[in-house]
Amino acid sequence: MDNQKIHMNGGDGPKSYAKNSEYQKQVVGYSKKVMTELIEQELDVGIINPDCSPFCVADFGCSVGGNTYLSVENIIEAVETKYKSNREKPQLQVPEFSVFFNDLVQNDFNTLFSYIHSSKPNYFIAGVPGSFYGRVFPKAFLHFAHSSMALLYLSRIPEEVLNRKSEAWNKGRIHYSCSGAAKEVEAAYANQFRKDIQAFLDARAQELVPGGLMAIITLTILDGVHPSDSSIAIGFTILGSCLQDMANMGIISEEKLDSFNLPYYYTSPMELETLIKTHGCFDIVRFEKLPTPLRQVVIDVQTAILSIRVVTEPLFQQHFGKDITEELFQRFTEKLDSHPVLNDDKYRKDASYFVFLKRKTYTSKPGS
């Protein structure tokens, strides 16, 4: 599966990502304070000439809905405050802002742009379709890059997990974290993630000006926790068992099931930090665990199902066809409803992390 086919449920209906991304919204909200603090500390107001150039911000993996606007407006507000309060170069005025929303071409940009406030925002907007695992902007073009909950999507499913002759063949399972998956499956996913992070950082290192800033928010499985022990894995194991039941009944074929895997990888904080340091083009300014969204809320099964459905349904429909999705998620609802994973803290083995990076002004890395 190529990541060019990945997208969230579009539109703004009851089963859309736009209406079922409260978790992601809360994570963005939690990051605002630290984001503002770090922009005040780290932003060089002389990074652009405000007399002739805008301050350029890009949100990579913007998806659809209001969360992406919340993210960039938090950034713009902090940058404006920095310029207004700066004493080093008081002659500099607050610059104009250009904001670029990036995602794959299948993303529902029409709905995304419908979320623009009725009054004209104080920045100029453009959509930039394309994979963020490659260059999508000219060299030294951006001043601030942002990506929230997007880097857990792999650019592709590792070939080994779909190869019957490979020790990493993930027969009958839909993810490396599913119960019973071989260690070779996880290794194949991890290797693909390392390649993808390298590609992402390579591209951003070229697109950001020296001294440019980047904020990343991503969901991780905590250090030392085996992926299969996380609530994420339990959900995927249950979802996979529903597909297996449907295969046993002849609703889908075993071959179809064996050729399907979800394209998500949940790194650990230590792994991600190591990969960024090894890359060498960015200084890590902050690497911080965020509060857990919805922790104080009793999550009902329908809310949980929708939050998973809006991000996975397009993948299931592309592979198995649209006719199976209602039955699949009905079976999933019934099984998840009887499992304690939703509201028992002992399954909370994951956490969202906020990573704030600064593009080094000098590096010997080729092409950067």
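Predicted model: local features only at pLDDT ≥ 70, side-chain atom pairs only at ≥ 80, totals over all residues.
Colleague: How many helices and strands does the protein have, and what share of its residues counts as buried?
Modeller: The secondary structure of the protein consists of 9 helices and 7 strands. Over the 368 residues of the protein, the share that counts as buried is 52%.

Colleague: In what order do the strands of the open sheet lie, and which strands stand at the edges?
Modeller: The open sheet has 7 strands with mixed pairing, in the order 3-2-1-4-5-7-6. The twist from one strand to the next averages 15°. Because each edge strand has a single partner strand, one side of each is left without a neighbour in the sheet, and the strands in that position are strand 3 (124-129) and strand 6 (282-289).

Colleague: In which sense do strand 4 and strand 5 pair, and what is the bridge partner of L142 in strand 5?
Modeller: Strand 4 (residues 142-148) and strand 5 (residues 208-221) pair over 6 bridges, and the sense is parallel. For L142, the bridge partner in strand 5 is L208.

Colleague: Which strands does helix 1 touch, and what angle does its direction make with that of strand 7?
Modeller: Helix 1 (residues 22-42) packs on the sheet, where it touches strand 4, strand 5, strand 6 and strand 7 (350-359). The direction of helix 1 makes an angle with that of strand 7 of about 30°.

Colleague: And with which strand does the direction of helix 2 make about 150°?
Modeller: Helix 2 (residues 67-85) also packs on the sheet, touching strand 1 (55-60), strand 2 (97-103), strand 3 and strand 4. The strand with which its direction makes about 150° is strand 2.

Colleague: Which residues touch the most other members of the largest nonpolar core?
Modeller: F144 touches, among others, M35, I39, F55, C56, L208 and F356, not counting residues up to four places away in sequence. The largest nonpolar core has 113 residues, and those that touch the most other members are F55 and F144.

Colleague: Is C56 buried or exposed, and how many disulfides are there?
Modeller: The cut-off for buried is under 20% relative accessible area, and C56 has 5% relative accessibility, so C56 counts as buried. C281, at 0% relative accessibility, counts as buried too. With sulfur atoms required to lie within 2.5 Å, the count of disulfides comes to 0.

How values were computed. Residues numbered from 1 in each chain as written. Heavy atoms only, no water. Core = buried A, V, L, I, M, F, W, Y, C linked by side-chain atoms within 4.5 Å. Buried < 20%, exposed > 50% of the residue type's maximum accessible area, 1.4 Å probe, protein only. Contact = heavy atoms within 4.5 Å. Pairing = 2+ DSSP bridges. Helix = DSSP H or I, 4+ residues; strand = E, 2+ residues; numbered from the N terminus. Axes fitted to C-alpha atoms, helices over the stretch in contact; angles between N-to-C directions.
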